Amino acid sequence: MADSATTAPLPLKVIAGADSFGADLKDAMISHLRSLNIEVEDLGTTSYYNIGAEVGRQVSSATTSPTVETRGLVACGTGVGVGVFANKFPGVFATTCLTPDEARNNRSINNCNVLALAGMSTSIDTAKEIVDTWLHTPFKSPCPASKSQPWPEEISKFLDESMIDMPKIGASEKTQAESCAICCLVKNRELNPIDIIPGGSMKILRESPTSAIVRFKAGSVEPAHHHTFGHCLVVMEGKKSVWNLSKEERYDLGVGDYLFTPAGDVHRVKYYEDTEFFIKWDGKWDMFFDEDLETAKIAIDKELANGSA
């Protein structure tokens with residue numbers, strides 16, 4: 001059983017923030033937390049990387065307080081981007097939770113002190129269940145990962161030691177791969193070629209809703225296509241342009257940029273550099289082409305030459 005179960009809990013304060021895709025869910029969770037008489041500081045709504053970093057910074061600076069326990073709650077479209085940037089600060093253990101069981105596991109195993117929610121795929125009622133589980137699950141308590149049994153002594157000891165060891169990792173020298181939670185998902189994983197699009201490869205991380213790490217070689221083109229479900233992505237490396245033909249809009253994306261494409265929107269893509277990104281669909285992945293590869297290349301070359309694309 002966690003030490004916190006035998007010690008009087010400190011008063012709790014939650015620092016909250018979101019981007020535009022997570023704002024409504026964040027506001028609903030703030031109301032829920034305040035209905036439980038929990039102090040909440042609302043940092044408002046801005047880009048996912050700025051709000052994730054600011055919540056992480058404030059939770060990090062408050063971890064040594066002996067009088068109050070400070071946690072964070074962040075939300076964006078997927079819950080991934082805000083968590084990435086919150087985790088850049090020492091003493092912050094931010095995790096994205098899509099179900100109450102995931103919240104229970106992450107509190108028990110990781111002592112999660114910043115909860116990241118997915119504004120585009122999590123209902124308010126489900127989010128309340130996730131938040132309540134996150135609030136009331138002590139570190140090292142029984143959870144689905146432990147088959148709802150107390151952790152064995154050797155694992156309990158390991159979890160205690162992890163709270164000392166984890167903040168030391170990368171403290172003196174951080175690389176992008178060490179500080180980026182999304183990059184860690186693909187490290188040492190082999191990506192499989194995408195046969196229907198030359199130059200592409202993909203590794204499925206979760207089947208449904210589908211999430212994946214995708215790579216494309218410089219110069220690759222995705223012909224105009226659409227999906228049954230909407231999807232969002234975060235660029236980890238490289239540079240690309242996405243033309244949403246349904247909306248007649250172009251998006252130029254680089255490292256750290258985020259884009260949501262609604263279900264059914266027809267779009268084509270050009271990769272200027274070797275590019276890697278994390279992508280999550282709202283359901284199971286599929287792909288329907290609206291033109292062939294040569295037609296796409298001709299259209300993109302014409303638009304780039306005219307400077308009007």
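**Sheet and helix packing in a predicted model**

Five strands make up an open sheet, ordered E12-E11-E14-E9-E16, with antiparallel pairing. Its edge strands, E12 (249-253) and E16 (288-289), each pair on one side only. This is a predicted model, in which local features need pLDDT of at least 70 and side-chain atom pairs count only at pLDDT 80 or more, while totals for chains, interfaces and linings use all residues. Residues are numbered from 1 along each chain as its sequence is written, and side-chain values use heavy atoms, with hydrogens and water left out.

**Strand pairing**

- Strands (E, at least two residues) and helices (H or I, at least four) are DSSP runs numbered from the N terminus, and two strands pair if DSSP finds at least two bridges between them.
- Strand E9 (residues 221-226) and strand E14 (residues 267-271) run antiparallel and are joined by three bridges.
- Histidine 267 in E14 stands opposite histidine 225.

**Helix H4**

- Helix H4 (residues 100-110) has these buried residues (under 20% relative accessible area; exposed is over 50%, partly exposed in between; 1.4 Å probe, protein chains only): Pro100, Ala103, Asn105, Asn106, Arg107 and Ser108.
- The cover over the buried residues of H4 includes strand E3 (69-76), strand E4 (94-96), helix H5 (124-136) and H6.

**Serine 156 in helix H6**

- Serine 156 lies in helix H6 (residues 153-165).
- The relative accessible area of serine 156 is 16%, so this residue counts as buried.
- Leaving aside residues up to four places away in sequence, serine 156 touches Lys140 and Trp151, where contact means heavy atoms within 4.5 Å.
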